[in-house]
Amino acid sequence: MESIAFRRRAADRVTRGLFALSAFVVILPLFLIFFDLLWKGARELKWTLLTDLPHPVGEPGGGIANGILGTLSIAGLAMAGGIPMAVMAGIYLAEYGRGKFASAVRFAVDTLTGVPSIIMGIFGYVLWVLPMKRFSAWAAAASLAMIFIPIVVRTTEEMLKTVPASVREAALALGIERWKTTLFITVRTATAGIVTGILLAMARIIGETAPLLFTALGNQFWQSGLDQPIAAIPLQVFNYAISPYDDWHDKAWAGALVLIGMVLAISGGARYFTRVRK
Amino acid sequence: MRGDNPKDVLFEKATAVFAFGVLFLAVLLFALLVRESVPAIRKFGAAFLVTKTWDPVAENFGALPFIYGTLVSSFIALLIAVPLAVGSAIFINEFAPEWLKNPVSFLAELLAAIPSVIYGLWGIFVLVPVLRDLLMKPAAHYLGWIPLFKGPVYGPSMLAAGVLLSIMIIPFILSVSREVLATVPRLQKEAVLSLGGTHWEMIRIVIGQHCIPGIFGATVLGLGRALGETMAVTMVIGNRPEIFFSIFQPGYSMAAVIANEFTEATGQLYLSALVEIGLVLFLITFVANLAAKGILNTMVARAGRGL
């Protein structure tokens with residue numbers, strides 16, 4: 001009997017240890033990746049990285065300034081088109097969405113959320129690059145909007161649903177029109193949550209590379225217009241990383257450090273937004 | 001009451017238009033994929049899915065090497081990710097002291113925020129060399145007689161892609177697993193403990209019986225993620241359109257071939273074949289996500305009934 005009890009206790013100890021170990025193994029890569037990003041990215045992390053155009057291989061210095069501007073342009077365009085559409089669709093689903101049509105829309109949103117981002121690149125290409133016969137910021141923005149919109153529709157719907165029915169009823173009882181109640185009471189109450197969703201979706205699209213490969217294409221110089229090929233940080237990181245040159249590898253790490261800095265700043269901002277509200 | 005005020009009707013209609021817009025975008029995406037695939041579908045038919053040749057010069061295209069690479073790399077990823085993610089979920093939910101729970105789950109979630117291209121960069125310069133020198137070379141040397149581990153070892157390989165993918169999908173499997181574990185009724189867990197069971201026995205009995213379908217759902221969800229992952233895989237899988245049994249050999253995936261060859265695709269048929277691969281990828285991930293959602297919804301419904 002004694003040995004059975006011992007064996008049971010031992011099994012308990014061992015499995016406990018294994019569970020703890022698995023948690024350790026899961027977060028270990030995070031530390032390794034950040035360590036390498038800081039260690040290798042710091043070498044090229046100079047002020048000129050943020051202000052200069054890329055230099056040809058072998059020539060020291062040079063930056064990713066055009067990529068920073070390009071990434072912000074593309075993401076800005078995608079959001080300018082995506083926010084009104086996604087928020088309005090979210091309002092529809094939360095406030096009116098009960099029928100078959102609403103289920104179809106929800107299904108579409110779920111489907112779009114799961115679509116691999118490279119396929120959104122094909123979407124931008126077929127929709128824009130093929131007919132216009134040129135790579136452009138517009139095409140890239142269309143691809144990113146396809147990733148951005150479903151995320152924001154979902155978070156907007158969820159956030160609006162957290163607004164208590166009593167708030168709506170109170171407004172309606174005061175004789176305020178329903179559309180005004182929705183827009184100025186319900187949406188207003190949920191604003192912080194909706195903005196958080198928008199920021200998280202923005203953090204997501206800023207780091208996307210695959211949809212840009214054959215829409216934005218990349219550009220060594222400053223963008224000359226939104227209907228032209230445009231640089232983006234993720235594309236620069238990718239092209240530098242797969243190049244055979246050591247000094248370009250350093251630039252890839254530095255670019256990656258800038259990119260992760262932007263992504264973390266935006267998602268950190270999103271967290272801050274929700275916290276302030278509480 | 002509703003619908004009496006014309007402004008209210010107008011506002012509802014206005015939001016409905018945008019909701020319809022989202023629906024339209026999903027349909028448009030599918031329609032465009034199909035339209036552009038038509039030349040390749042006409043030319044190759046169903047044989048496209050089981051043909052091994054990928055010859056852009058002769059315009060002879062088959063997707064099998066890419067489908068194979070996508071499935072195998074994703075399978076390797078699941079093999080690594082599922083035990084680790086479920087183990088961590090159990091650790092966080094059942095064993096971790098209160099002060100440790102939030103930091104650990106926060107750090108795991110942070111993994112999901114890292115852009116794919118950064119995983120790829122890290123994969124090329126850190127993970128691949130480490131795997132090559134510490135794991136693949138010795139393994140190929142001593143276990144090379146097993147076809148699965150046959151050399152020569154280059155570095156970029158199916159295994160490297162699988163390992164990198166596993167790191168990327170763990171956060172998703174982990175968070176869904178935690179939700180699944182949280183559906184176990186507290187009373188059932190306490191019942192086992194009060195009968196003198198150890199924590200491990202409690203987990204094995206209650207969670208084992210209760211959570212297997214949910215964890216399976218989480219796994220399929222992770223699979224959906226892994227199948228479509230592009231940049232990280234492209235950067236470490238080796239990009240060779242051939243089928244090798246050994247996981248130390250390079251391979252290719254559906255997303256990777258689209259990423260690499262789309263801008264080079266000169267002929268109409270070449271482009272169409274690439275879009276068709278995109279269409280197949282779309283359908284596979286669609287089915288995986290649908291299945292995951294179905295499994296998890298039944299699971300939640302059952303938990304709601306207290307079973």
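**View 1. B:L174 sits in helix α5 of chain B.** Helix α5 covers residues 158–182. The model is predicted. B:L174 counts as buried because 28 C-beta neighbours lie inside 10 Å, and 20 or more are needed.

**View 2. B:L174 touches residues of both chain A and chain B.** The partner in chain A is A:V26. In chain B, the partners are B:A85, B:S88, B:A89 and B:A108. Residues up to four places away in sequence are not counted here.

**View 3. Chain B meets chain A.** On the chain B side, 67 residues are in contact with 67 residues of chain A. Helix α1 of chain B, residues 6–44, supplies the largest share of that side, with 17 residues. By residue class, the chain B side divides into 47 nonpolar, 16 polar and four charged.

**View 4. Chain B is built from 10 helices and two strands.** From the N terminus, the order of elements is α-β-β-α-α-α-α-α-α-α-α-α. The C-alpha trace spans about 75 × 70 × 30 Å along its principal axes. Chain B has 307 residues, and 50% of them count as buried. Take the contacts in chain B between residues at least 6 apart in sequence: 76% join residues at least 24 apart.

Note on methods
Residues numbered from 1 in each chain as written. Chains lettered and ligands numbered in written order. Predicted model: local features only at pLDDT ≥ 70, side-chain atom pairs only at ≥ 80, totals over all residues. Helix = DSSP H or I, 4+ residues; strand = E, 2+ residues; numbered from the N terminus. Buried ≥ 20, exposed ≤ 12 C-beta atoms within 10 Å, placed from the backbone. Contact = placed C-beta atoms within 7 Å. Nonpolar A, V, L, I, M, F, W, Y, C, P; charged D, E, K, R; others polar.
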